[in-house]
Each structure stands twice: as C-alpha cells, then as structure tokens.
Amino acid sequence: HFLANGNPTCSQKIDYIAKTMDKEHDLLLVLGDCTENGYASEYKHFLEIILSCGLKNRVIMVPGNHDYR
C-alpha cells in the first residue's frame, strides 16, 4: 500500500524514481493500492507526491482493491 500507516519511504521512493527517470522512460505505471482506505485525503496526498516529483503527465495508475472510492 502506497501510503499505509503514513509510510514516508513510499514518497521517497517515488521521488527517487522521478529523479532517475530519463528520456528513455515514458511513464511510471502504478499498479494499485495508492491509498490504504480509499479516502479522498489519501488520494490528495498521493497526487501531491506525484505532482511534486514532476510526474504529472507521466503516470498511469491502475486501481487496486484499496482504491475503491
């Protein structure tokens, strides 16, 4: 789960990926569970991390079983 228990290492990993992506990589594919409980605040946090890393147009998210709202 991307943000389970407020896990800060997840956002650090996304930031690392964003910084190391080069022109050979077209996108980041996120395979579900971007939230723990599907709350709007959790989606907002996920989006803030993605935007802060400069990945706005380079992410495809496939919803998981925790992404139900």
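Two helices and two strands make up its secondary structure; helices (H or I, at least four residues) and strands (E, at least two) are DSSP runs, numbered from the N terminus. The model is a predicted one, in which local features need pLDDT of at least 70 and side-chain atom pairs count only at pLDDT 80 or more, while totals for chains, interfaces and linings use all residues. Residues are numbered from 1 along each chain as its sequence is written, and side-chain values use heavy atoms, with hydrogens and water left out.

Next, display the surface of the whole chain. The accessible surface comes to about 4800 Å², of which 54% belongs to carbon and sulfur atoms; such areas come from the Shrake-Rupley method with a 1.4 Å probe, and for residues only the protein chains shown count as cover. Of the 69 residues, 32% count as buried (under 20% relative accessible area; exposed means over 50%, and partly exposed lies in between, with a 1.4 Å probe and protein chains only). Among contacts (heavy atoms within 4.5 Å) with a separation of 6 or more, 78% are between residues 24 or more positions apart.

Now select Ile-14, Ala-18, Met-21, Leu-28, Val-30, Cys-34, Phe-46, Ile-49, Ile-50, Cys-53 and Leu-55, the eleven residues of the largest nonpolar core. Such a core is a set of buried Ala, Val, Leu, Ile, Met, Phe, Trp, Tyr and Cys residues joined through side-chain atoms within 4.5 Å. Helix H1 (8-20), S1 and helix H2 (40-52) each supply at least two of the core residues, and the largest share, three residues, comes from H2.

Ile-14 counts as buried because its relative accessibility is 8%. Its C-alpha atom is separated by 9.3 Å from that of Leu-28, 14 residues apart along the chain.

Move to Glu-42 in helix H2. Glu-42 has 13% relative accessibility and therefore counts as buried. Its side chain reaches the backbone nitrogen of Asn-37 at 2.8 Å.

Finally, select Leu-27, Leu-29, Leu-31, Ile-60 and Val-62, which make a nonpolar surface patch of about 450 Å². Strand S1 (28-31) and strand S2 (59-62) are the elements that give two or more residues to this patch.

Methods. Patches are made of residues with over 30% relative accessible area and no salt bridge: like charges are joined within 9 Å, nonpolar side chains (Val, Leu, Ile, Met, Phe, Trp, Tyr) within 5 Å. A salt bridge is a side-chain nitrogen of Lys or Arg within 4 Å of a carboxyl oxygen of Asp or Glu. A polar contact is a pair of N or O atoms within 3.5 Å; within protein, one must be able to donate a hydrogen and the other to accept it, and residues adjacent in sequence count only if both atoms are side-chain atoms.
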